[in-house]
Amino acid sequence: MQDLTPRARIEYVGHATVVVDLDGVRLLTDPLLRNRVAHLRRAVPVDAKALRGVDAVLISHAHYDHLDLPSLEKLGKKLPVVVPRGLGALLRKRRFEAVVEVEQQESIRIGALEVRAVPAEHDGSRGPFGASAEALGYVVTGSKSVYFAGDTDLFDGMGGLGPVDVGLVPIWGWGPGLGAGHLDPVRAAEAVALLEPALVVPIHWGTYFPIHLGLRGAPRFVGLPPAEFVTAVAKTAPEVSVVVLAPGESVEL
């Protein structure tokens, strides 16, 4: 007998780039697909197979490691790109043809899925003279629900986003320390306790590092955050399952 169960799969491409493959729709979040970005080097290469058949892209905010125009151009300028309201002109100027702007609590349909823009506590500007818009996360709902946090710190109302089936929660960044507006492993575990997902996949770690800190290979701090996160979740939200995916790995839901 043919299995008619809708497919649900998460692939961690790296940094904040994730493939959400759900109910016949493939969404790609914050694509950063280059081996070198300014002063950053990628620890592992991108698996090109993960990028096949993408139906749409979700962009959380304007920072260069989340809205990377060269990476979007690799995917093609006809692919629908969902961005926070205010960033559309930046993409249309580069001749992207299917740009959709959204704001907090606005929902759109992509195939069988509903995509709802939700708040994020993070600076959304592209530098002092660049484009600026409110940073967002997204809740994707079909046969399962997936929360993609983008970049965020804890914020009032985060608990109201859940419960969800899957949380894609950032736990670090690309350097040995973090600036404001980011979750470290312990605060990310606090976010998990608020969201109450059935399963959480930590993202935004293990992918990029400053070149000068890794002349002989990826520095040690690149791989440390998940262990601290797993320990913290076990204390703050022991009922939540944690699946740690290295860049390029995936999990069937």
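Modeller: Here is the sheet, then the helix, then the core they share in.

The model is predicted, so local features need pLDDT of at least 70 and side-chain atom pairs count only at pLDDT 80 or more, while totals for chains, interfaces and linings use all residues. Residues are numbered from 1 along each chain as its sequence is written, and side-chain values use heavy atoms, with hydrogens and water left out.

Start with the sheet. It is open and has 7 strands, in the order E9-E10-E11-E12-E13-E14-E16. The pairing is mixed. Strands (E, at least two residues) and helices (H or I, at least four) are DSSP runs, numbered from the N terminus. Two strands pair if DSSP finds at least two bridges between them. Strand E9 (107–110) and strand E16 (241–242) stand at the edges. Each has a single partner strand, so one side of each is left without a neighbour in the sheet.

Now go to strand E11 (residues 136–141). Of its 6 residues, 5 are buried, so E11 is largely enclosed by the rest of the structure. Buried means under 20% relative accessible area, exposed means over 50%, and partly exposed is in between (1.4 Å probe, protein chains only). Strand E10 (residues 113–119) runs antiparallel to E11, and 6 bridges join them. Val115 has Val140 in E11 as its bridge partner. E11 also runs antiparallel to E12, with 4 bridges. E11 and E12 form a hairpin, with 3 residues between them.

Ser145 is found in strand E12. Its relative accessibility is 12%, so Ser145 counts as buried. Ser145 touches Val140, Val164, Asp165 and Val166, leaving out residues up to four places away in sequence. Contact here means heavy atoms within 4.5 Å.

Next, look towards E16. Strand E14 (residues 199–203) and E16 pair in the parallel sense, over 2 bridges. Val200 stands opposite Val242 in E16.

What lies across E12, E13 and E14? Helix H3 does, running at about 155° to E13. Axes are lines fitted to C-alpha atoms, for helices over the stretch in contact, and angles run from 0 to 180 degrees between N-to-C directions. In H3, Pro185, Ala188, Ala189, Ala191, Val192 and Leu195 are buried. They cover an arc of only 155° around the axis, which puts them on the same side of H3. That arc is of the directions from the helix axis to the C-beta atoms. An α-helix has 3.6 residues a turn, so residues three or four places apart point the same way. The buried residues of H3 pack against E12, E13, E14 and helix H4 (225–236). After H3 comes Glu196, whose phi is positive, near 55°.

Finally, the core. A nonpolar core is a set of buried Ala, Val, Leu, Ile, Met, Phe, Trp, Tyr and Cys residues joined through side-chain atoms within 4.5 Å. The largest one has 55 residues. Those with the most contacts inside it are Leu27, Ile110, Tyr138, Tyr147 and Leu168. Helix H3 (residues 185–195) gives the most to this core, with 5 residues. Leu168 touches, among others, Val146, Tyr147, Phe148, Val201 and Ile203, not counting residues up to four places away in sequence.
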